[in-house]
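I am opening a notebook on a structure that is new to me, and I want to write down what I looked up, one part at a time.

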Amino acid sequence: MKHLLATDGLDADTATAVLDTADELKHTLLGREVKKLPTLRGRTVITLFYENSTRTRVSFEIAGKWMSADVINVSASSSSVNKGESLRDTALTLAAAGADCVIVRHPASGAAHRLSGWLAGPGTAVVNAGDGMHEHPTQALLDAATLRERLGSLKDRRIAIVGDVLHSRVARSNIHLLSTLGAEVVLVAPPTLLPVGVEKLPVTVSHDLDAELPAADAVMMLRVQAERMHGGFFPSAREYSISYGLSERRQALLPDHAVVLHPGPMLRGMEIASAVADSPSSAITEQVRNGVHVRMAVLYHLLASEGAAA
Ligand code: CP
């Protein structure tokens with residue numbers, strides 16, 4: 001693997017190899033007081049974030065440090081981006097300074113792909129940590145890791161992805177990855193929060209959450225992306241919560257084995273009731289924990305394995 005830019009096009013063997021590595025790393029580190037492996041000693045990993053983040057940035061930093069890489073965090077607000085430096089110049093600067101891998105989050109869809117082109121010369125690996133409304137591949141990988149742990153194989157499992165699908169890079173990455181791994185994906189959303197061209201995606205579509213829950217093996221609640229809603233006919237917070245929020249009443253419609261996911265940050269009380277988010281069915285904390293091991297695995301496959309970029 002040279003870069004990780006999207007799950008669209010990521011084949012099942014590569015995705016499974018990353019998930020298996022994450023599983024192995026998790027078990028290797030389990031119960032260890034000192035979580036440190038020498039695998040990436042001497043390698044430099046830079047996170048370059050143009051949008052806010054807690055989970056993704058922190059877990060990439062921990063992942064790199066647990067593998068002994070030197071990890072440097074650059075945020076747009078405290079870098080020369082604030083003086084008007086372009087994404088291209090910033091990326092080339094980081095590569096010239098010695099980055100082996102740049103992990104980028106950017107509001108523009110396609111930014112990570114552009115970066116991978118600019119950094120082809122220096123041979124720097126690029127990881128997409130979320131680009132606009134396009135993709136967030138490591139989130140989908142950590143979601144798949146969590147679902148594998150709870151459900152075993154994803155084959156023929158029915159996963160409902162609920163809410164603001166239109167603006168969600170998490171939804172898009174999950175649609176591609178979950179279907180590649182053999183799951184059935186149903187999108188549950190109001191018509192105004194579904195993307196144009198949804199009929200070309202490997203999904204079924206529903207507008208009725210109550211009707212979908214009894215057959216779901218997992219329900220993935222999405223964050224409402226108010227920052228990306230410019231105009232348009234979107235439901236109010238109250239309408240959204242009534243029709244698409246996961247309340248305790250709705251949780252009772254799920255099969256006993258069903259898993260509740262949310263990528264975070266959560267709007268408790270609107271997208272998901274606190275009692276549901278904190279219930280035994282919820283795997284939200286496990287998602288965060290698995291995020292570290294999945295990101296370690298991604299760095300391993302990019303920088304240390306046989307298939308890694310030279
Ligand atoms: N799920 C996710 O991407 O969270 P952050 O925005 O906190 O990184």
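Which residues are exposed on the other side of α1? Before answering, I note that this is a predicted model. I looked along the helix and found that A12, D13, H27 and T28 are the exposed ones on that side of α1.

**Entry on helix α1.** I then turned to the buried residues of α1, which are V18, L19, A22 and L25. Seen down the helix axis they fall within an arc of 120 degrees, so they line one face of α1. I kept in mind that an α-helix has 3.6 residues a turn, so residues three or four places apart point the same way. When I asked what these buried residues of α1 pack against, I found α5 (137-151) and α11. I also checked the length of α1, whose 18 residues (12-29) reach 26 Å from the first C-alpha to the last, close to the 26 Å expected at 1.5 Å a residue. Just after α1, I noted that G31 takes a positive phi of about 80 degrees.

**Entry on helix α2.** I made the length check for α2 (residues 55-66) as well: its twelve residues should span 16 Å at 1.5 Å a residue, and its end C-alpha atoms are 16 Å apart, which agrees. In α2 I found T56, S59, F60, A63, G64 and W66 buried. They cover an arc of only 165 degrees around the axis, which puts them on the same side of α2. What covers them includes the strands β1 (44-49), β2 (70-75), β3 (101-106) and β4 (125-131), together with helix α11. Just after α2, S68 takes a positive phi of about 70 degrees.

**Entry on strands β1 and β2.** I looked at β1 next and found it mostly covered, with five of its six residues buried. β1 and β2 pair in the parallel sense over six bridges, and I noted that L48 stands opposite V74 in β2.

**Entry on the core.** Last, I went to the largest nonpolar core, which has 95 residues, and found that V102, V162, V219 and L299 touch the most other members. Helix α11 (residues 284-303) gives the largest share of this core, ten residues. Domain 1 (12-135 + 288-303) and domain 2 (137-283) both give residues to the core, so it lies between them.

Definitions and conventions
Residues are numbered from 1 along each chain as its sequence is written. This is a predicted model: local features need pLDDT of at least 70, side-chain atom pairs count only at pLDDT 80 or more; totals for chains, interfaces and linings use all residues. A nonpolar core is a set of buried Ala, Val, Leu, Ile, Met, Phe, Trp, Tyr and Cys residues joined through C-beta atoms within 7 Å. A residue is buried if 20 or more other C-beta atoms lie within 10 Å of its own, exposed if 12 or fewer, and partly exposed in between; C-beta atoms are placed from the backbone. Helices (H or I, at least four residues) and strands (E, at least two) are DSSP runs, numbered from the N terminus. Domain bounds come from an automatic or database domain assignment. The expected span of a helix is 1.5 Å times one less than its number of residues. The arc is that of the directions from the helix axis to the C-beta atoms. Two residues are in contact if their C-beta atoms, placed from the backbone, lie within 7 Å. Two strands pair if DSSP finds at least two bridges between them.
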